[in-house]
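Subject: Structure for your review

Dear colleague,

I am passing on the structure we spoke about, and below it you will find notes on what came out of going through it.

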Amino acid sequence: MQLHNRTFLLFGGTGGIGKALVEPLLNAGARVIIATRQAEYPKQRPGVQYVRLDLGSKDLDGQLQQLSQQHPEIDGVIHCAGQNHFASLKDMSVEALDDQLTVNLRSAMLVARHFVPRFSNAGAGALVFVGSTFGSIGFPGYTAYCASKFGLRGFSEALRRELADTPVQVIYVAPRATATAMNPEAVNELNQALGNTMDPPEKVAGAILEAMQKDEKRRFLGWPEKLFVVINGVLPRIVDKAMLKQLPVIRRFLDSGVTS
Ligand SMILES: NC(=O)c1ccc[n+]([C@@H]2O[C@H](COP(=O)([O-])OP(=O)(O)OC[C@H]3O[C@@H](n4cnc5c(N)ncnc54)[C@H](OP(=O)(O)O)[C@@H]3O)[C@@H](O)[C@H]2O)c1
């Protein structure tokens with residue numbers, strides 16, 4: 001897709017990966033409207049606007065309608081917001097569980113539900129969803145996050161196929177571990193202990209932009225993570241065994257009490 005002269009509504013534009021998306025989008029000639037829960041916005045700059053919105057709100061649909069009326073110029077949406085709590089299921093609060101399902105999955109569905117008719121009528125539009133490697137591989141300590149991201153991947157796929165005869169594009173990009181504030185120190189240490197690479201957010205943002213520019217339907221980031229995604233799909237027992245070996249290390253961090 002061409003990014004020049006497009007206006008993207010960016011969810012998660014105040015976070016690690018989303019923030020790193022802004023500059024390349026502007027450089028490509030796009031404008032960005034960043035939706036955030038925060039009451040105070042960073043300093044204004046040309047091409048960037050901020051709007052207040054809570055993806056976790058019960059009344060998200062109403063908030064989207066209001067936003068949409070105020071900004072009829074939006075012709076693309078990038079959903080790069082997310083919540084993540086690393087904890088054993090038994091230790092996860094109901095609130096944390098709800099937050100992950102609501103922000104990572106329900107909100108993406110409501111956002112798409114709102115913008116699809118608008119983009120269809122306009123004859124163009126793009127919906128970009130940022131998923132995760134954990135949307136394809138179940139990982140201990142991430143039961144709720146994995147459930148939400150597996151859901152997001154399934155939703156994106158079904159929606160893309162539902163809209164295949166329309167001008168609306170649906171793109172799913174799945175980063176591997178990325179060095180942002182989403183991951184508490186315990187998770188950084190766990191990744192180090194397991195030898196997992198953490199990408200800088202700028203690299204991930206570059207890959208998201210490239211997937212958009214090349215009109216890719218889906219992109220999985222990182223090697224060997226993208227290989228494990230395939231193996232887990234066809235021979236999950238191999239990944240079961242690999243993770244069983246890693247479990248004592250993962251459990252050490254889960255049981256340390258310093259998870260988010
Ligand atoms: N970091 C990783 O290791 C990693 C790996 C794979 C995939 N991902 C995915 O990449 C995306 C971006 O992650 P990140 O690492 O950049 O996260 P981050 O630095 O923690 O930022 C989270 C972003 O989500 C927004 N957000 C959270 N709850 C929200 C809500 N209720 N309403 C509106 N916005 C909300 C925050 O905005 P405000 O606080 O301003 O409202 C913030 O911009 C997420 O979907 C994440 O699951 C991350």
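A207 is placed in helix α6, where helices (H or I, at least four residues) and strands (E, at least two) are DSSP runs numbered from the N terminus. A207 is buried, since 20 other C-beta atoms lie within 10 Å of its own; a residue is called buried if 20 or more other C-beta atoms lie within 10 Å of its own, exposed if 12 or fewer, and partly exposed in between, with C-beta atoms placed from the backbone. Leaving aside residues up to four places away in sequence, A207 touches V173, R219 and L221, a contact being a pair of residues whose C-beta atoms, placed from the backbone, lie within 7 Å.

Two points on conventions belong here. Residues are numbered from 1 along each chain as its sequence is written. The model is a predicted one, in which local features need pLDDT of at least 70 and side-chain atom pairs count only at pLDDT 80 or more, whereas totals for chains, interfaces and linings use all residues.

For the protein chain as a whole, the secondary structure comes to eight helices and seven strands. The radius of gyration of the protein chain is 18 Å, close to the 18 Å that the globule rule gives for 260 residues, so the chain is as compact as a globular protein of that length; the radius is taken over C-alpha atoms, and the rule is 2.2 Å times the number of residues to the power 0.38. The C-alpha trace spans about 50 × 40 × 30 Å along its principal axes, and 37% of the 260 residues count as buried. Among contacts between residues at least 6 apart in sequence, 69% join residues at least 24 apart.

In soluble globular proteins, nonpolar side chains tend to be buried together. Here the largest nonpolar core has 50 residues, and those with the most contacts inside it are L10, L21, L127, V128 and I208; such a core is a set of buried Ala, Val, Leu, Ile, Met, Phe, Trp, Tyr and Cys residues joined through C-beta atoms within 7 Å. Apart from this core lies another, of 11 residues, which include F134, A144, C146 and L254. As for L127, its contacts beyond four places in sequence are V77, A112, F115, V168, Q169 and V170.

Helix α4 (residues 143-162) has 20 residues and should span 28 Å at 1.5 Å a residue, which agrees with the 28 Å between its end C-alpha atoms; the expected span is 1.5 Å times one less than the number of residues. Buried residues in α4 are A144, Y145, C146, S148, K149, L152, R153, S156 and L159, and the buried residues of this helix pack against α3 (94-122), β5 (125-130) and β6 (168-174). T143, also in α4, counts as partly exposed because it has 18 C-beta neighbours inside 10 Å.

Which residues come nearest to the ligand? Of the 28 residues around the ligand, they are G15, R37, G82, T180 and M182, a residue being near if its C-beta atom, placed from the backbone, lies within 6 Å of the molecule. Helix α1 (residues 16-27) gives the most to this shell, with three residues. By class, the shell has 11 nonpolar, 15 polar and two charged residues, where Ala, Val, Leu, Ile, Met, Phe, Trp, Tyr, Cys and Pro count as nonpolar, Asp, Glu, Lys and Arg as charged, and the others, Gly among them, as polar.

Most residues other than glycine have a negative phi, and most peptide bonds are trans. A cis peptide bond, however, joins W223 and P224, with omega about 15°, and P224 is placed in the loop between β7 (218-220) and α7 (225-234). N5, in the segment before β1 (7-11), has a positive phi near 70°, and D215, in the loop between α6 (201-213) and β7, has a positive phi of about 55°. N5 counts as exposed because it has 11 C-beta neighbours inside 10 Å, and D215 is exposed, with 11 other C-beta atoms within 10 Å.

With best regards

Notes. Contact = placed C-beta atoms within 7 Å.
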